[in-house]
Amino acid sequence: MGWFSSDIRSVDDLFLHTLQDIYYAEHQIAKSLPDMVAKASDAELKKGFSMHLRQTKGQIKRLDRAFKALKRKPEGTKCPAIDGILDEANEIASEVDDKMVLNAALIAAAQAVEHYEMTRYGTLVAWAKLLGHSSVAKLLAMNLKEEKATDKKLNGIALRKINKKALARQKKQATRSHRRGSAQDAMMLAAAGIPAI
Ligand code: FE
Ligand code: FE
Ligand code: FE
């Protein structure tokens, strides 16, 4: 379905399209989360990702129920936004070699995902209410609440420890490379017959 193509003619169509968009997104997220669990080296963060994987599977079930209530077959429609966010997350993660910095990168990537989901569910709840689908609105609001809580939790972990640990690692590396640099300078001076001060 193309953007603003003639396939979407009404709010009903737009609502269904967006529901299919988040259905696809949730499946992609469920596929990516095990990798995030594996990459996280902080126990609390690992646990947080595992918990959100379980929640995500529950969210997909709620979406199945929402489609059923609307008498529609549950199906997804390609969401280039979530594919882009997840591609970017993988790309960044593959470029970070320090474990602490990687934890910070994983949180940032996960929060980008949560924020995408929050915008989608926020819109979907409003449209479901507008269209009189109150039971569907309730299911979508439950998913929205979980995404918001996850975002808040990730924010807490980042601010409380992960960001500081990542910075501490950076400072340690800087001291180490400074020392290494000084030792190399002394060797070069010695080789040139110049006494080190
Ligand atoms: Fe989700
Ligand atoms: Fe999308
Ligand atoms: Fe989520």
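Modeller: Helices (H or I, at least four residues) and strands (E, at least two) are DSSP runs, numbered from the N terminus. This is a predicted model, where local features need pLDDT of at least 70, side-chain atom pairs count only at pLDDT 80 or more, and totals for chains, interfaces and linings use all residues. Residues are numbered from 1 along each chain as its sequence is written, chains are lettered from A and ligands numbered from 1 in the order in which they are written, and side-chain values use heavy atoms, with hydrogens and water left out.

Colleague: OK. Which residues coordinate the iron ion (ligand 3)?

Modeller: His52 (NE2), Glu114 (OE), Glu114 (OE), Glu117 (OE) and Glu147 (OE), at 2.1 to 2.6 Å. Donors are N, O and S atoms within 2.8 Å of the metal (3.2 Å for Na, K and Ca); water is not among the atoms, so sites may look incomplete.

Colleague: How are glutamate 114 and glutamate 117 placed in helix α4?

Modeller: They are three residues apart in α4 (residues 99–130), so about one helical turn separates them. An α-helix has 3.6 residues a turn, so residues three or four places apart point the same way.

Colleague: Is glutamate 114 buried or exposed?

Modeller: Buried, at a relative accessible area of 3%. Buried means under 20% relative accessible area, exposed over 50%, partly exposed in between (1.4 Å probe, protein chains only). Glutamate 117 is buried too, at 0%.

Colleague: And what does glutamate 117 coordinate?

Modeller: Both the iron ion (ligand 3) and the iron ion (ligand 1), which are 3.2 Å apart. The protein donors of ligand 1 are Glu26 (OE), Glu26 (OE), Gln59 (OE1), Glu117 (OE) and Glu147 (OE), at 2.0 to 2.3 Å. Of these, glutamine 59 in helix α2 (residues 43–69) and glutamate 147 in helix α5 (residues 134–191) link parts of the chain 88 residues apart.

Colleague: What about the iron ion (ligand 2)?

Modeller: Asp21 (OD), Cys79 (SG) and Tyr116 (OH) coordinate that ion at 2.0 to 2.4 Å. Cysteine 79 sits in the loop between α2 and α3 (80–95) and tyrosine 116 in helix α4, so the pair ties together parts 37 residues apart in sequence. Both cysteine 79 and tyrosine 116 are buried.

Colleague: Changing topic, where does α1 bend?

Modeller: At serine 32, by about 30°, with proline 34 following within four residues. The bend is the angle between axes fitted to the seven residues ending there and the seven starting there.
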